[in-house]
Amino acid sequence: MPPTSTFPDCLYGVPVDATIANGKITKLDTAAAEKMPGVRAILHRQNIGKIFRSTFGQGINGICIERRPPFDDDVVRYYGQYVALAVADTFESARAAAHAVIVSYAKEKPNVEDKLTADNDPDTVMTAYGPVKRLQSERGDAAGAFASAPVKVDQTYVTPAETHVPIELQGTTACGKATS
């Protein structure tokens with residue numbers, strides 16, 4: 001069920017997702033979407049202006065650690081990456097406009113491996129918000145328990161990637177006086 005607003009003058013945003021896993025955007029055709037009833041804007045790299053990330057700082061936990069600001073360039077790094085945002089008076093209009101945006105790509109072979117091995121990544125990595133330990137939780141002695149286990153199972157499991165709605169539009173309210 002689409003969200004309903006109890007706030008006056010609210011607009012709705014629905015993202016346009018990349019439909020390839022790796023490549024570049026060669027053309028973003030927003031003409032039809034921009035002419036749809038109730039559509040206020042189709043935001044994308046060419047019309048949104050420069051977006052800056054926060055600087056390194058202490059005490060910023062639990063927020064997106066992707067270094068690249070939204071719509072920073074035309075490079076598609078993963079399937080489902082946001083490439084534009086349709087903004088309209090109603091959720092239904094924004095959704096229809098997002099589906100009307102036509103994106104053309106120069107596809108490249110995705111950088112995927114079906115045989116993954118442990119690498120020599122450091123225990124701490126630098127993010128846009130400072131150093132973060134790669135292992136976020138430690139409990140017990142896993143290596144010791146495995147070494148002394150009476151039965152050991154060695155199996156490889158593969159799971160698909162998940163995109164967890166990086167800007168969480170379903171939980172964001174930004175209202176103000178709407179202007180044409």
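Modeller: Rings of Phe, Tyr and Trp (its six-membered ring) count as a pair if their centres lie within 6.5 Å, and such a pair is stacked with planes under 30 degrees apart, edge-to-face over 60 and tilted for the rest. By that rule this structure holds 0 aromatic pairs. The model is predicted, so local features need pLDDT of at least 70 and side-chain atom pairs count only at pLDDT 80 or more, whereas totals for chains, interfaces and linings use all residues. Residues are numbered from 1 along each chain as its sequence is written, and side-chain values use heavy atoms, with hydrogens and water left out.

Colleague: What makes Lys152 a charge over the face of Phe146?

Modeller: The rule asks for NZ of Lys or CZ of Arg within 6 Å of the ring centre and within 35 degrees of the ring normal. Lys152 is placed at 5.8 Å from the ring centre of Phe146 and lies over its face, so the pair is counted under that rule.

Colleague: Why is the contact of Arg40 with Asp89 called a salt bridge?

Modeller: The term requires a side-chain nitrogen of Lys or Arg within 4 Å of a carboxyl oxygen of Asp or Glu, and here the closest N and O atoms are 2.8 Å apart. This pair links distant parts of the chain, since Arg40 belongs to strand S3 and Asp89 to the loop between strand S5 and helix H3, 49 residues apart. The count by this rule comes to 3 salt bridges, and among them is also the one between Arg45 and Asp74, at 2.9 Å from N to O. Arg45 lies in helix H2 and Asp74 in the loop between H2 and S4, so that pair ties together parts 29 residues apart in sequence.

Colleague: How do you know whether Arg40 counts as buried, partly exposed or exposed?

Modeller: Buried means under 20% relative accessible area and exposed over 50%, with partly exposed in between (1.4 Å probe, protein chains only). Arg40 has 32% relative accessibility, so it counts as partly exposed, and Asp89, at 30%, is therefore placed in that class too. Of the 180 residues of the chain, 22% count as buried.

Notes. Helices (H or I, at least four residues) and strands (E, at least two) are DSSP runs, numbered from the N terminus.
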